[in-house]
Amino acid sequence: MTETSFTPSARRLPLGKLLLGATAGAIFALMLALLAGRAESGILAGLWSTLTGRDTHIAGEGSVIERIQRLQRLETVVFSMDKIVTGSKENALLPDFLAGDKLLLLVHGEVVAGIDFSHLQAGDVRVDRKDVHLRLPAPQIFTTRLDSAKSGERVVDVLHDLRRTMQAHCGVFRFGDDLKKGVQVVAEIAERSERTFIGDKSKVYNTARVEALELENLVETAVSTMISAEARKESRGAQSRDDYPERDDKNWMKHTLWYKEGNRLDYKPVHLRPLTVQTMEPKVRTY
Amino acid sequence: MKLTIYRYDPDKDAKPYYQDYDVPTDAHDRMLLDALVKAKALDDSLAFRRSCREGVCGSDAVNINGKNGLACITKLADLPEHVTIRPLPGLPVIRDLIVDMTQFFKQYHSIKPYVINNDPPPERERLQSPEEREHLDGLYECILCACCSTSCPSWWWNPDKFVGPAGLLQAYRFLADTRDQATSERLDNLEDPYRLFRCHTIMNCVDVCPKGLNPTKAINHIKELLVKRAV
């Protein structure tokens with residue numbers, strides 16, 4: 001936790017400017033005094049009260065904190081770094097040039113760090129008279145990666161393989177063996193997608209970067225689709241399985257939920273009692 | 001095939017240049033966009049906009065061998081072996097083939113592109129007869145790709161003052177709509193030596209429109225309405 005306080009501080013000014021400012025200030029003060037002297041009546045009174053402004057609003061602590069929270073994140077630093085990772089394997093008996101192994105890897109990464117203002121608590125802001133004391137939340141790392149790995153696969157290649165895999169293993173007509181293999185293949189592609197390389201380093205309209213982000217989203221969708229389809233041992237709606245051609249309401253009338261954490265599946269029951277329309281018995285659709 | 005593409009990245013280039021790409025196309029590549037996508041696979045720093053790949057979104061409007069069009073519905077078979085692709089003319093280039101469309105949309109918004117009707121909304125939709133609806137054919141199909149306006153010399157000259165073919169086509173689309181009640185306000189808004197009358201029937205807009213629309217005809221209809229109103 002860091003304590004920061006904001007107070008108006010006097011800045012050093014060049015002497016010439018200081019003199020000029022002082023003279024201007026003196027003239028302005030004189031005018032104000034004259035104005036105040038005659039402020040009892042007429043238009044000047046109105047002008048005077050506008051100038052001095054008696055109705056001062058001071059925001060309470062609650063509103064100060066709300067406004068800061070709306071800023072959400074303050075990204076203070078973006079680090080671009082290169083790091084050389086070395087590794088070696090030695091053998092106790094044989095000399096290195098016979099059995100040893102050395103690894104050299106150049107890793108290029110980007111780290112964005114800063115402060116997340118949404119963690120700000122009411123007690124972190126203290127207002128006393130002119131000063132606002134603000135206790136900042138601990139700085140944290142927001143994102144790492146993406147421009148990572150100066151060496152890696154091209155996004156287009158991973159994208160192409162993902163597309164092919166989904167078409168071949170999880171298309172319109174689905175087969176048990178293909179699905180089972182597809183789960184494996186798509187997991188490999190998901191792993192590959194984390195080691196992609198973007199050649200375009202421009203900060204202006206970087207479409208290569210957009211495509212890399214799209215790949216990340218597509219991989220998630222593909223993995224969830226493949227795993228859910230493989231697990232569902234029936235045909236229903238858009239899922240048409242060769243090995244389970246029938247709809248199975250007894251075991252499979254439930255929604256599939258896929259969790260990215262742990263790559264696991266869960267199910268939740270189907271609402272069979274709508275709130276506003278009459279209940280209809282679910283049955284096989286025949287045309 | 002050989003593509004010569006206008007390149008400019010303000011992040012690193014002092015000035016724009018042309019870059020050649022030898023793109024290995026095969027029978028699967030039907031449209032110019034397929035070739036562009038292959039060029040991007042060779043060099044991911046090539047930037048262009050694309051989305052629907054079927055002439056609906058209007059993102060990939062570019063200048064193809066000197067003529068504006070959508071890369072996604074321009075057939076490779078209709079093009080020569082060597083194609084030069086530039087960004088749309090008359091708009092500031094952001095990067096490579098991507099232009100800043102702010103000025104274009106500013107003109108589009110200036111004609112109030114929505115039905116203005118002050119009657120309280122009926123219980124269901126505001127109805128039109130099939131004949132009334134027919135008046136909108138050839139007007140509503142515009143996808144705002146900006147091929148027409150950026151091929152118009154009048155618009156190149158006065159992009160801030162002349163509404164341009166795309167905007168005027170839309171202006172007439174709402175003038176022709178029987179559900180719209182703001183006809184006279186719309187005509188007031190266009191009765192101006194620049195906003196409407198910079199159109200000198202050059203008809204580049206008709207020549208390039210990828211959806212086969214006719215902005216010049218719509219502009220003439222607006223002029224007709226103005227004349228009818230005056231007499």
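## Two helices at an angle in chain B

Helix 6 of chain B and helix 8 of chain B are roughly perpendicular to each other. This is a predicted model, and in it the axes of helix 6 (residues 183-190) and helix 8 (residues 215-230) of chain B cross at roughly 105° and come within 11 Å. The crossing counts as roughly perpendicular because angles from 65 to 115 degrees fall in that class.

On the helix 6 side of chain B, the residues that meet helix 8 are Ser184(B), Leu187(B), Asp188(B) and Leu190(B). Their partners in helix 8 of chain B are Ile222(B), Leu225(B), Leu226(B) and Arg229(B). By class, this contact holds five nonpolar residues, one polar residue and two charged ones.

## The nonpolar cores

Ile222(B) turns up again here: together with Leu3(B), Leu32(B), Leu36(B) and Ile85(B), Ile222(B) has the most contacts inside the largest nonpolar core, a set of 61 residues. Helix 5 of chain B (residues 164-175) supplies the largest share of this core, namely six residues. In soluble globular proteins, nonpolar side chains tend to be buried together.

What does Leu36(B) touch, leaving aside residues up to four places away in sequence? The list runs through Leu3(B), Ile5(B), Leu46(B), Phe48(B), Ala71(B), Ile85(B) and Leu97(B). There is also a second, separate core, with 21 residues, and among them are Val158(A), Val185(A), Ala208(A) and Met226(A).

## A helix pair in chain A

Now to chain A, where helix 5 (residues 155-169) and helix 6 (residues 176-192) have axes that cross at roughly 170° and come within 10 Å. That angle makes helix 5 of chain A roughly antiparallel to helix 6 of chain A. From helix 5 of chain A, the contact draws on Asp157(A), Val158(A), Asp161(A), Leu162(A), Thr165(A), Met166(A), Ala168(A) and His169(A). Helix 6 of chain A answers with Asp178(A), Leu179(A), Lys181(A), Gly182(A), Val185(A), Val186(A), Ile189(A) and Arg192(A). Sorted by class, the residues of this contact are eight nonpolar, three polar and five charged.

Helix 6 of chain A has 17 residues, and its first and last C-alpha atoms lie 25 Å apart, close to the 24 Å expected at 1.5 Å a residue. Its buried residues are Gly176(A), Leu179(A), Gly182(A), Val185(A), Val186(A), Ile189(A), Ala190(A) and Arg192(A). In chain A, these buried residues pack against strand 7 (153-154), helix 5, strand 8 (173-174), strand 9 (196-197), helix 7 (207-231) and strand 10 (240-241).

Is Ser151(B) buried or exposed? Ser151(B) is buried, because its relative accessible area is 7%, under the 20% cut-off. Ser151(B) sits in the loop between helix 3 (130-134) and helix 4 (153-157) of chain B. Not counting residues up to four places away in sequence, Ser151(B) touches Asn68(B), Trp156(B), Asn204(B), Cys205(B) and Val208(B).

Asp242(A) also belongs to a loop, the one between strand 10 and helix 8 (249-252) of chain A. Asp242(A) counts as exposed, with 53% relative accessibility. Beyond residues up to four places away in sequence, Asp242(A) touches Arg174(A) and Phe175(A).

## Chain A overall

Stepping back, chain A contains eight helices and twelve strands. Of its 287 residues, 25% count as buried. For contacts in chain A between residues at least 6 apart in sequence, 62% join residues at least 24 apart.

Notes
Residues numbered from 1 in each chain as written. Chains lettered and ligands numbered in written order. Predicted model: local features only at pLDDT ≥ 70, side-chain atom pairs only at ≥ 80, totals over all residues. Heavy atoms only, no water. Core = buried A, V, L, I, M, F, W, Y, C linked by side-chain atoms within 4.5 Å. Buried < 20%, exposed > 50% of the residue type's maximum accessible area, 1.4 Å probe, protein only. Helix = DSSP H or I, 4+ residues; strand = E, 2+ residues; numbered from the N terminus. Contact = heavy atoms within 4.5 Å. Axes fitted to C-alpha atoms, helices over the stretch in contact; angles between N-to-C directions. Parallel < 35°, antiparallel > 145°, perpendicular 65-115°, else oblique. Nonpolar A, V, L, I, M, F, W, Y, C, P; charged D, E, K, R; others polar. Expected span 1.5 Å × (residues − 1).
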